[in-house]
Amino acid sequence: TWNNMVYGQVNLYDAIRNQIDFDTPRKSYKLNGNVANLPTIIVRPRGWHMVEKHLYVDDEPISASIFDFGLYFYHNAKELIKLGKGPYFYLPKMEHHLEAKLWNDVFCVAQDYIGIPRGSIRATVLIETLPAAFQMEEIIYQLRQHSSGLNCGRWDYIFSTIKRLRNDPNHILPNRDQVTMTSPFMDAYVKRLINTCHRRGVHAMGGMAAQIPIKDDPAANEKAMTKVRNDKIRELTNGHDGSWVAHPALAPICNEVFINMGTPNQIYFIPENVVTAANLLET
């Protein structure tokens with residue numbers, strides 16, 4: 001909703017300035033320390049396919065991507081740089097490298113406009129569509145001034161593959177819960193992403209562990225947490241530089257696994273596997 005989008009921006013503004021809190025009759029919430037020492041804020045603007053109907057430019061609704069990016073960047077970029085951080089973004093839903101080029105153009109114009117050096121913005125691209133998997137090299141190239149790397153977006157990637165190939169009887173998939181990261185086309189997608197990123201000197205981030213803690217069933221909770229741990233071990237072994245989770249309670253499991261890298265990242269490791277276009281379609 002409009003209120004959610006606007007108050008989301010307000011919350012980001014307040015968090016960066018250590019002035020965010022929330023009170024309920026039962027509990028009060030506030031940041032646990034100075035934001036400069038807390039986990040880095042990475043903002044995810046809406047995809048290029050969306051518009052913000054509450055703001056018109058030249059009698060047309062503005063791009064939701066530009067609305068989300070512009071408000072956050074204009075109000076917070078310089079403040080973040082003062083904190084030793086920067087304006088960092090997570091870019092979803094792209095299908096073509098020209099969408100990445102458009103983002104790069106927006107970044108350059110925005111940085112010039114407020115007078116900060118180009119390259120102050122860093123962006124991670126979520127590879128969550130089948131067409132984007134064929135253009136990883138091009139996407140990194142288009143964002144070369146601002147790229148932090150690529151991220152596997154497994155669930156939407158599965159959906160995109162189904163959507164793109166649904167009319168081809170040679171690409172029928174089983175129920176979604178049976179499509180795992182070891183499925184041939186998913187394994188190829190992961191290995192191609194790691195190889196591409198590391199050859200280009202940027203980070204290859206793993207996918208989301210979708211499980212959440214199960215409070216009232218210890219056995220079921222242990223089973224879910226084991227799945228998360230095994231998933232992160234597989235990502236570490238494949239060569240990912242980090243990962244992400246769906247719930248803060250899973251962060252310690254992820255950290256326990258990735259601390260075993262022994263280095264800040266694994267960019268030095270370039271898998272020797274060759275992933276072909278046919279491999280990406282091996283459903």
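Let's start with cysteine 197, which is buried, with a relative accessible area of 0%. The model you are looking at is a predicted one.

**Helix H7**
- Cysteine 197 belongs to the buried residues of H7, which also include Phe185, Met186, Ala188, Tyr189, Val190, Leu193 and Ile194.
- The 16 residues of H7 should span 22 Å at 1.5 Å a residue, and the end C-alpha atoms of H7 are 22 Å apart, so the two values agree.
- After H7 comes glycine 201, with a positive phi near 75°.

**The nonpolar cores**
- The largest nonpolar core has 51 residues, and among those with the most contacts inside it are Phe69, Trp103, Leu150 and Tyr189.
- Helix H7, residues 184–199, gives the most to this core, with 8 residues.
- Leucine 150 is in contact with Leu193 and Cys197, as well as with Thr124, Val125, Ile127, Met136, Ile139, Ile140, His203, Ala204 and Met205, leaving aside neighbours within four places in sequence.
- Another core, of 12 residues, lies apart from the largest one, and Ala224, Leu236, Ile253 and Val257 are among its members.

**The cysteines**
- How many disulfides does the structure hold? There are 0.
- Cysteine 197 is in no disulfide, and the nearest cysteine sulfur, that of cysteine 152, is 8.2 Å away.
- Cysteine 108 counts as buried because its relative accessibility is 7%, and buried means under 20%.

Notes
Residues numbered from 1 in each chain as written. Predicted model: local features only at pLDDT ≥ 70, side-chain atom pairs only at ≥ 80, totals over all residues. Heavy atoms only, no water. Core = buried A, V, L, I, M, F, W, Y, C linked by side-chain atoms within 4.5 Å. Buried < 20%, exposed > 50% of the residue type's maximum accessible area, 1.4 Å probe, protein only. Helix = DSSP H or I, 4+ residues; strand = E, 2+ residues; numbered from the N terminus. Contact = heavy atoms within 4.5 Å. Disulfide = S-S within 2.5 Å. Expected span 1.5 Å × (residues − 1).
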